[in-house]
Amino acid sequence: MSQDDLTSDVRTTPGMGTPPDPARSHRPAPPARPGGGTLALALLLALIAIIGVGYVAWRQWQLLHINAQALRTTAALEERTNTLERTLSTTTSQGNLVLQRLNDADQVNRSLREELLSQDQRVRDLEEAVGKLSEKTLSGQDAMRLDETESLLRMGTERYTLFHDAQGAAQAFALAGQTLAGVNDNAFKGVQQSIEAEHEALAKSQSTDPAPLLDSVMQLRNELPTLPLRPLDEPTAQENTGVWARIWHALRNVVQIRRDNGAPVDIADAHIARELVALDLAQAQAGLLAWDSDAAATALKRADAGLAAQFDMQSPPVQQAHQRIATLLGQLKPGAPVKLGAALSELRNLRAVHALKPNAENTAPANGAKP
């Protein structure tokens, strides 16, 4: 407001020291001045200023808050960056260490590869040396063992061929296999397998042990003189039937034939019958001793037929002898024949090949040498 407006307001205010002017009091009031709009405008401007100041203050506070948060974020990022830098430096150092170790391992692998190659070469040299040694002549000890093996095989084959002694031949082949096992040459492994196969065949073809059979036959021979013969006056089946049997029975008491020494013919025939049965038993013993089951069985059958024809079959001792012969025939089971000689032939062929190898090695350089 201006000074004039204030002065006019003071003058017109009642209750003051200046008396009111009656002339003016009856005057019409002057028109109001436009002072309220200015005040409103001032108030509006003040409000706008306050709002602007508040907005500026709020923005300033927000900026300060954002700056503080940004500072914290920046500090955190810087710390994380430092941590990452330290981790990266640690990783780099570890990577360098790993790379160094890899280089060391590569060098070690190279050295190991070189050593392996050298070892491989040495093994090849050793194999070549062993091959050359195996191609040389066998030592004296191996030659002696081969000679012994060949002798045992030949002995076993001849024993089985001549005497049918499968048990003795099997023992000879077993000793031959044990002797050949001591030879330090893998070329004879096939021969050893052939020897084992023939030994198994001989073991399977072995018949019953002849010792108890021989004892039984010897007992029969010892008991034969005590066995009762058929009675002289006992009618046989042919004497009981037929015309000629009845005629012979009627004339037998009339005509009698005697020997010069006074022995009756029937008594001499009985003695011959005992001797024949004893000979059959002796042949059975000889067959058992020779491991000939067929010959022993044939002789026992003849002895059994002699007992049935010349001895008293009603007597218990004769019946027991007959049963014992039947038992012996049941125990005599001839084994299947075995073909021998394959191992011996293979051994001889291998020894001949080994004997020719040194000559071939000695003649090869001579033929290929330059004049």
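**Salt bridges and a nonpolar patch**

Arg-110 pairs with Asp-106 in a salt bridge, with 3.4 Å between the closest N and O atoms. The term denotes a side-chain nitrogen of Lys or Arg within 4 Å of a carboxyl oxygen of Asp or Glu. The structure is a predicted model, in which local features need pLDDT of at least 70 and side-chain atom pairs count only at pLDDT 80 or more, while totals for chains, interfaces and linings use all residues. Residues are numbered from 1 along each chain as its sequence is written, and side-chain values use heavy atoms, with hydrogens and water left out.

Side chains of opposite charge can pair when their charged atoms come close. By the rule stated above, the count comes to 7 salt bridges.

Both Arg-110 and Asp-106 belong to helix α3 (residues 36–134), where they stand 4 residues apart, about one turn of the helix. Helices are DSSP runs of H or I with at least four residues, numbered from the N terminus. Arg-110 counts as partly exposed because its relative accessibility is 48%; the class lies between buried, under 20% relative accessible area, and exposed, over 50% (1.4 Å probe, protein chains only). Asp-106, at 33% relative accessibility, is likewise partly exposed.

Helix α3 also holds Asp-120 and Arg-124, which are 4 residues apart and so separated by about one helical turn. Asp-120 forms a salt bridge with Arg-124, the closest N and O atoms being 3.5 Å apart. With 34% relative accessibility, Asp-120 is partly exposed.

Another salt bridge joins Glu-150 to Arg-351, and here the closest N and O atoms are 3.2 Å apart. Because Glu-150 lies in helix α4 (residues 140–163) and Arg-351 in helix α13 (residues 342–368), the pair ties together parts that are 201 residues apart in sequence. Glu-150 counts as buried, since its relative accessibility is 16%, whereas Arg-351 is partly exposed at 22%. These two residues also belong to a network of salt bridges that links Asp-147, Glu-150, Arg-348 and Arg-351.

The surface also carries a nonpolar patch. Leu-41, Leu-44, Leu-45, Leu-47, Ile-48 and Ile-51 form this patch, with about 570 Å² of accessible area together. Patches consist of residues with over 30% relative accessible area and no salt bridge; like charges are joined within 9 Å, and nonpolar side chains (Val, Leu, Ile, Met, Phe, Trp, Tyr) within 5 Å. Accessible areas come from the Shrake-Rupley method with a 1.4 Å probe, and for residues only the protein chains shown count as cover. Leu-45 lies in helix α3 and, with a relative accessible area of 49%, is partly exposed.

Terms used. Helix = DSSP H or I, 4+ residues; strand = E, 2+ residues; numbered from the N terminus.
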